[in-house]
Amino acid sequence: MRPIQITFDQPAPLMSMNQRLHWSKQRRHARLWRDAAAWATYAQVPAQRVIARRLPPCTVTVVLPVHDRRRRDPHNYFPVVKACVDGCVDAGLWSDDTPEWVTTTEPRLRLAAKGDDIVIIELTERSSS
């Protein structure tokens, strides 16, 4: 399988594990991220793979846009990664997001210009070892 890139506009503010949002606001943001990832997957991944859940076990890397050079801990953005992976599962790439199917890496942060809010989900087939 060739690596697959799924791209979409950032649907909500980045979610960090350091935030202390009210549960309802946190849930709304997570739903926006999840739905955006699902719709982008429907639009960009060939339909025969989505319908038949034909993606092999994959490593998932999420690349998130940031707009300044402040120091950040990328692993604090795992709530966004979780929502994106859940969206890919909702779209039918895998039957579940268990370790049997999905391995995630630490999110990558890319410095983006103002107005460039593109999120990238990179899927690569996991080598069988």
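## Briefing: a predicted β-α fold model

Phe8 stands opposite Val119 in β5. This is a predicted model. The protein has 3 helices and 5 strands, and along the sequence these follow the pattern β-α-α-β-α-β-β-β. Its radius of gyration is 14 Å, close to the 14 Å from the globule rule for 129 residues, so the protein is as compact as a globular protein of that length.

**Overall build**

- Roughly 40 × 30 × 30 Å is the box filled by the C-alpha atoms, taken along the principal axes.
- Of the 129 residues, 40% count as buried.

- β1 pairs with β5 in the antiparallel sense, over 6 bridges.
- The covered face of β1 carries Ile4, Ile6 and Phe8. Its uncovered face carries Gln5, Thr7 and Asp9.
- Phe8 counts as buried because its relative accessibility is 7%.
- The whole structure contains 2 aromatic pairs. In one of them, Phe8 and Trp33 have ring centres 6.3 Å apart and planes at 75°, so the pair is edge-to-face.

**Helix α3**

- Helix α3 covers residues 78-90. At 1.5 Å a residue, its 13 residues should span 18 Å, and the end C-alpha atoms are 18 Å apart, which agrees.
- Of its 13 residues, 10 are buried, so α3 is largely enclosed by the rest of the structure.
- The buried residues are Pro79, Val80, Val81, Ala83, Cys84, Val85, Asp86, Gly87, Cys88 and Val89.
- They pack against β1 (4-9), α1 (23-44), β2 (58-66), β3 (102-104) and β5 (118-125).
- Gly92 follows α3 and has a positive phi, near 100°.

**Cysteines**

- The structure holds 0 disulfides. The cut-off for a disulfide is a pair of cysteine sulfur atoms within 2.5 Å.
- For Cys58, the closest cysteine sulfur is in Cys88, 9.4 Å away, which is too far for a bond.
- For Cys88, the closest cysteine sulfur is in Cys84, at 7.1 Å, again too far for a bond.
- Cys58 has 0% relative accessibility and so counts as buried. Cys88 has 1% and also counts as buried.

**The loop at Met17**

- Met17 lies in the loop between β1 and α1.
- Its relative accessible area is 45%, so Met17 is partly exposed.
- Leaving aside neighbours within four places in sequence, Met17 is in contact with His75, Asn76 and Pro79. Pro79 is one of the buried residues of α3.
- Met17 and Leu109 are 92 residues apart along the chain, and their C-alpha atoms are separated by 15 Å.

How values were computed. Residues numbered from 1 in each chain as written. Predicted model: local features only at pLDDT ≥ 70, side-chain atom pairs only at ≥ 80, totals over all residues. Heavy atoms only, no water. Helix = DSSP H or I, 4+ residues; strand = E, 2+ residues; numbered from the N terminus. Expected span 1.5 Å × (residues − 1). Buried < 20%, exposed > 50% of the residue type's maximum accessible area, 1.4 Å probe, protein only. Contact = heavy atoms within 4.5 Å. Phe/Tyr/Trp six-rings, centres within 6.5 Å; stacked < 30°, edge-to-face > 60°. Pairing = 2+ DSSP bridges. Rg over C-alpha atoms; globule rule 2.2 N^0.38 Å.
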